[in-house]
Amino acid sequence: MPIYASKTGRPSYPLFTPFRAILLGIWNNMSAVQLSKSLHRDLYFRAFCRLERGSSVPDDDNIGRFRQRSVQHDLWEVLVAEVNPQ
């Protein structure tokens, strides 16, 4: 799938990690930069995104690219439609 892993470069994050991060950003009215900083320091944010303590976190570029690609592939509205009723 073009939204996911490249065969070169660093390993990709699981698909739901950046999605969960973006949800946190929306719910807390944060930019991608603010969100990335919060993922570095906030254990609750890390836990929600299923990031282990001491592991790398998606930076603002990763988060932005994921959202952009999910919109391009018509996945964003589908994903949000699943979450909103809950």
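This is a predicted model: local features need pLDDT of at least 70, side-chain atom pairs count only at pLDDT 80 or more; totals for chains, interfaces and linings use all residues.
Here, a residue counts as buried under 20% relative accessible area, as exposed over 50%, and as partly exposed in between.

**The nonpolar core**

- The largest nonpolar core has 16 residues, and the members that touch the most others are Leu-35, Leu-39, Cys-49 and Leu-51.
- Two or more residues come from each of helix H1 (16-27), helix H2 (32-41), helix H4 (60-72) and helix H5 (76-83).
- As background, nonpolar side chains in soluble globular proteins tend to be buried together.
- Leu-39 is worth a click in your viewer: leaving out residues up to four places away in sequence, Leu-39 touches Ala-21, Phe-45, Arg-46, Cys-49, Leu-51, Val-57, Pro-58 and Ile-63.
- Thr-17 sits in helix H1 and is buried, with a relative accessible area of 4%.
- With residues up to four places away in sequence set aside, Thr-17 touches Cys-49, Leu-51 and Pro-58. Cys-49 and Leu-51 are also among the contacts of Leu-39.

**How H1 meets H4**

- Two packed helices are described by the angle between their axes and the distance between the axes.
- For H1 and H4 the angle is about 100 degrees, and the axes are 10 Å apart.
- Angles of 65 to 115 degrees count as roughly perpendicular, so H1 and H4 are roughly perpendicular to each other.
- On the H1 side the contact uses Pro-18, Phe-19, Ile-22 and Ile-26, while H4 brings Ile-63, Phe-66 and Arg-67.
- By residue type, this contact has six nonpolar residues, no polar ones and one charged.

**Aromatic pairs**

- The model holds three aromatic pairs.
- In one of them, the rings of Phe-19 and Trp-76 have centres 5.7 Å apart and planes at 75 degrees, so this pair is edge-to-face.
- Phe-19 belongs to helix H1 and Trp-76 to helix H5, so the pair ties together parts that are 57 residues apart in sequence.
- Both partners are buried: Phe-19 has a relative accessible area of 4%, and Trp-76 has 7%.
- Another pair joins Trp-27 and Phe-48, whose ring centres are 5.8 Å apart with planes at 65 degrees, so it too is edge-to-face.
- This second example links distant parts of the chain, with Trp-27 in helix H1 and Phe-48 in helix H3, 21 residues apart.
- Phe-16, Phe-19 and Trp-76 form one aromatic cluster.

**A closer look at Phe-48**

- Phe-48 is found in helix H3 and is partly exposed, with a relative accessible area of 27%.
- Beyond its neighbours within four places in sequence, Phe-48 is in contact with Arg-20, Leu-24 and Trp-27.
- Phe-48 and Asn-84 are 36 residues apart in sequence, and their C-alpha atoms are 16 Å apart in space.

**Residues in the loops**

- Most residues other than glycine have a negative phi.
- Arg-50 has a phi near 60 degrees, a positive value in a residue other than glycine.
- Arg-50 lies in the loop between helix H3 (43-48) and H4, and counts as exposed at 62% relative accessibility.
- Asp-74 also has a positive phi, near 55 degrees, and is a residue other than glycine.
- You will find Asp-74 in the loop between H4 and H5.
- Met-30 lies in the loop between H1 and H2. Its relative accessible area of 23% makes Met-30 partly exposed.
- Not counting residues up to four places away in sequence, Met-30 touches Gly-25, Leu-35, Ser-38 and Phe-45. Of these, Leu-35 is one of the core members that touch the most others, and Phe-45 is one of the contacts of Leu-39.

Notes. Residues are numbered from 1 along each chain as its sequence is written. Side-chain values use heavy atoms; hydrogens and water are left out. A nonpolar core is a set of buried Ala, Val, Leu, Ile, Met, Phe, Trp, Tyr and Cys residues joined through side-chain atoms within 4.5 Å. Buried means under 20% relative accessible area, exposed over 50%, partly exposed in between (1.4 Å probe, protein chains only). Helices (H or I, at least four residues) and strands (E, at least two) are DSSP runs, numbered from the N terminus. Contact means heavy atoms within 4.5 Å. Axes are lines fitted to C-alpha atoms, for helices over the stretch in contact, and angles run from 0 to 180 degrees between N-to-C directions. Angles under 35 degrees count as roughly parallel, over 145 as roughly antiparallel, 65 to 115 as roughly perpendicular and the rest as oblique. Ala, Val, Leu, Ile, Met, Phe, Trp, Tyr, Cys and Pro count as nonpolar, Asp, Glu, Lys and Arg as charged, and the others, Gly among them, as polar. Rings of Phe, Tyr and Trp (its six-membered ring) pair if their centres lie within 6.5 Å; planes under 30 degrees apart count as stacked, over 60 as edge-to-face and the rest as tilted.
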